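Take a look at the sequence and the model, then read on.

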Amino acid sequence: MQGKLIMTKPSETESRKKRQKIQVYFWNIVGSVEHISLPKLEDAIKKEFNYKNNRIIQTQIKLMQTEGRIKLQSAVKVWIKKPMDLPEL
(Lines give C-alpha, C1' and ligand atoms only; values in the text may rest on other atoms or scores of the structure.)
Protein backbone atom coordinates (compact mmCIF):
# COMPACT_ATOMS: atom_id res chain seq x y z
CA MET A 1 0.00 0.00 0.00
CA GLN A 2 2.86 2.33 -0.65
CA GLY A 3 1.77 5.74 -1.81
CA LYS A 4 -1.82 5.46 -0.50
CA LEU A 5 -3.07 7.36 2.49
CA ILE A 6 -5.49 5.39 4.66
CA MET A 7 -7.97 7.36 6.78
CA THR A 8 -8.80 5.84 10.13
CA LYS A 9 -12.06 6.20 12.02
CA PRO A 10 -11.98 8.33 15.18
CA SER A 11 -11.56 6.34 18.33
CA GLU A 12 -14.56 5.50 20.46
CA THR A 13 -13.24 7.73 23.25
CA GLU A 14 -13.01 10.68 20.90
CA SER A 15 -16.54 10.05 19.62
CA ARG A 16 -17.88 9.80 23.17
CA LYS A 17 -16.24 13.16 24.02
CA LYS A 18 -17.83 14.75 20.97
CA ARG A 19 -21.28 13.43 21.95
CA GLN A 20 -20.75 14.79 25.47
CA LYS A 21 -19.71 18.17 24.04
CA ILE A 22 -22.98 18.31 22.08
CA GLN A 23 -24.96 17.35 25.19
CA VAL A 24 -23.29 20.05 27.32
CA TYR A 25 -23.75 22.63 24.56
CA PHE A 26 -27.50 22.09 24.34
CA TRP A 27 -27.89 21.70 28.12
CA ASN A 28 -26.36 25.16 28.57
CA ILE A 29 -28.89 26.58 26.11
CA VAL A 30 -32.15 24.91 27.16
CA GLY A 31 -31.51 22.95 30.37
CA SER A 32 -34.26 20.59 31.44
CA VAL A 33 -37.07 23.12 30.96
CA GLU A 34 -37.27 23.08 27.16
CA HIS A 35 -36.65 20.59 24.39
CA ILE A 36 -34.65 21.02 21.21
CA SER A 37 -35.67 19.96 17.75
CA LEU A 38 -34.30 16.84 16.14
CA PRO A 39 -33.01 18.78 13.10
CA LYS A 40 -30.94 21.00 15.44
CA LEU A 41 -29.38 17.93 17.02
CA GLU A 42 -28.70 16.41 13.60
CA ASP A 43 -27.03 19.64 12.44
CA ALA A 44 -24.86 19.73 15.55
CA ILE A 45 -23.74 16.14 14.92
CA LYS A 46 -23.02 16.93 11.27
CA LYS A 47 -20.81 19.85 12.30
CA GLU A 48 -19.05 18.17 15.22
CA PHE A 49 -18.34 14.86 13.49
CA ASN A 50 -18.08 16.29 9.95
CA TYR A 51 -20.55 13.69 8.66
CA LYS A 52 -22.84 13.98 5.68
CA ASN A 53 -24.25 10.44 5.70
CA ASN A 54 -27.69 10.43 7.36
CA ARG A 55 -27.32 6.79 8.48
CA ILE A 56 -24.19 7.61 10.49
CA ILE A 57 -25.90 10.64 12.04
CA GLN A 58 -28.83 8.46 13.14
CA THR A 59 -26.34 6.00 14.66
CA GLN A 60 -24.80 8.80 16.73
CA ILE A 61 -28.27 9.83 17.93
CA LYS A 62 -29.00 6.24 18.97
CA LEU A 63 -25.67 6.09 20.81
CA MET A 64 -26.56 9.32 22.64
CA GLN A 65 -29.85 7.67 23.69
CA THR A 66 -28.05 4.52 24.81
CA GLU A 67 -25.55 6.55 26.83
CA GLY A 68 -28.43 8.39 28.52
CA ARG A 69 -27.55 11.80 27.09
CA ILE A 70 -30.87 12.49 25.34
CA LYS A 71 -34.45 11.28 25.24
CA LEU A 72 -36.46 11.37 22.02
CA GLN A 73 -40.07 12.20 22.84
CA SER A 74 -41.36 12.32 19.27
CA ALA A 75 -40.12 12.73 15.74
CA VAL A 76 -39.18 16.33 16.51
CA LYS A 77 -38.77 16.73 20.30
CA VAL A 78 -35.44 15.89 21.92
CA TRP A 79 -34.94 16.32 25.67
CA ILE A 80 -31.38 16.83 26.83
CA LYS A 81 -30.44 15.02 30.02
CA LYS A 82 -28.22 16.74 32.55
CA PRO A 83 -24.54 15.99 31.95
CA MET A 84 -22.92 13.99 34.76
CA ASP A 85 -20.08 16.43 35.39
CA LEU A 86 -22.22 19.56 35.94
CA PRO A 87 -22.87 20.67 39.52
CA GLU A 88 -26.39 20.85 40.95
CA LEU A 89 -27.98 24.32 40.93
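## Ground rules

A residue is buried under 20% relative accessible area, exposed over 50%, and partly exposed in between, using a 1.4 Å probe and protein chains only. By that scale Asn50 is exposed, with a relative accessible area of 62%.

This is a predicted model, in which local features need pLDDT of at least 70 and side-chain atom pairs count only at pLDDT 80 or more, while totals for chains, interfaces and linings use all residues. Residues are numbered from 1 along each chain as its sequence is written, and side-chain values use heavy atoms, with hydrogens and water left out.

## The chain as a whole

The chain has three helices and three strands. Both kinds of element are DSSP runs, numbered from the N terminus: helices are H or I with at least four residues, strands are E with at least two. From the N terminus on, the order is α-β-α-α-β-β.

The chain has 89 residues, and 29% of them count as buried. Contact means heavy atoms within 4.5 Å. Take the contacts between residues at least 6 apart in sequence: 55% of these join residues at least 24 apart.

The three strands form an open sheet in the order 1-3-2, with antiparallel pairing. Strand 1 (36-37) and strand 2 (70-72) are the edge strands; each has a single partner strand, so one side of each has no neighbour in the sheet. Two strands count as paired if DSSP finds at least two bridges between them. Strands 1 and 3 run antiparallel and are joined by two bridges. In this pairing, Ser37 has Lys77 of strand 3 as its bridge partner.

Strand 2 pairs with strand 3 (residues 77-80) over three bridges, again in the antiparallel sense. Ile70 has Ile80 of strand 3 as its bridge partner. Leu72 stands opposite Val78. Strands 2 and 3 form a hairpin, with four residues between them. Strand 3 also has two faces: Val78 and Ile80 lie on the covered one, Lys77 and Trp79 on the uncovered one.

## Helix 1 against helix 2

How do the axes of helix 1 and helix 2 cross? Helix 1 (residues 12-30) and helix 2 (residues 38-49) have axes that come within 10 Å and cross at roughly 135°. Axes are lines fitted to C-alpha atoms, for helices over the stretch in contact, and angles run from 0 to 180 degrees between N-to-C directions. Helix 1 is therefore oblique to helix 2. Angles under 35 degrees count as roughly parallel, over 145 as roughly antiparallel, 65 to 115 as roughly perpendicular, and the rest as oblique.

On the helix 1 side, the contact uses Ser15, Lys18, Arg19, Lys21, Ile22 and Phe26. Helix 2 brings Lys40, Leu41, Ala44, Ile45, Glu48 and Phe49. By class, that is six nonpolar, one polar and five charged residues. Here Ala, Val, Leu, Ile, Met, Phe, Trp, Tyr, Cys and Pro count as nonpolar, Asp, Glu, Lys and Arg as charged, and the others, Gly among them, as polar.

## Helix 3 and its partners

Helix 3 (residues 54-66) packs on helix 1 at about 75°, with the axes 11 Å apart. Helix 1 is therefore roughly perpendicular to helix 3. Arg19, Ile22 and Gln23 of helix 1 meet Gln60, Leu63 and Met64 of helix 3. This contact has three nonpolar, two polar and one charged residue.

Helix 2 packs on helix 3 at about 105°, with the axes 10 Å apart. These two helices are therefore roughly perpendicular to each other. Helix 2 supplies Leu38, Leu41, Glu42, Ile45, Lys46 and Phe49. Helix 3 supplies Ile57, Gln58, Gln60, Ile61 and Met64. The classes come to seven nonpolar, two polar and two charged.

Where does Asn50 lie? Asn50 is in the loop between helix 2 and helix 3. Asn50 has a positive phi of about 60°, although it is not a glycine.

Gln20 lies in helix 1. Gln20 counts as partly exposed, because its relative accessibility is 26%. Gln20 and Glu67 are 47 residues apart in sequence, and their C-alpha atoms are 9.6 Å apart in space.
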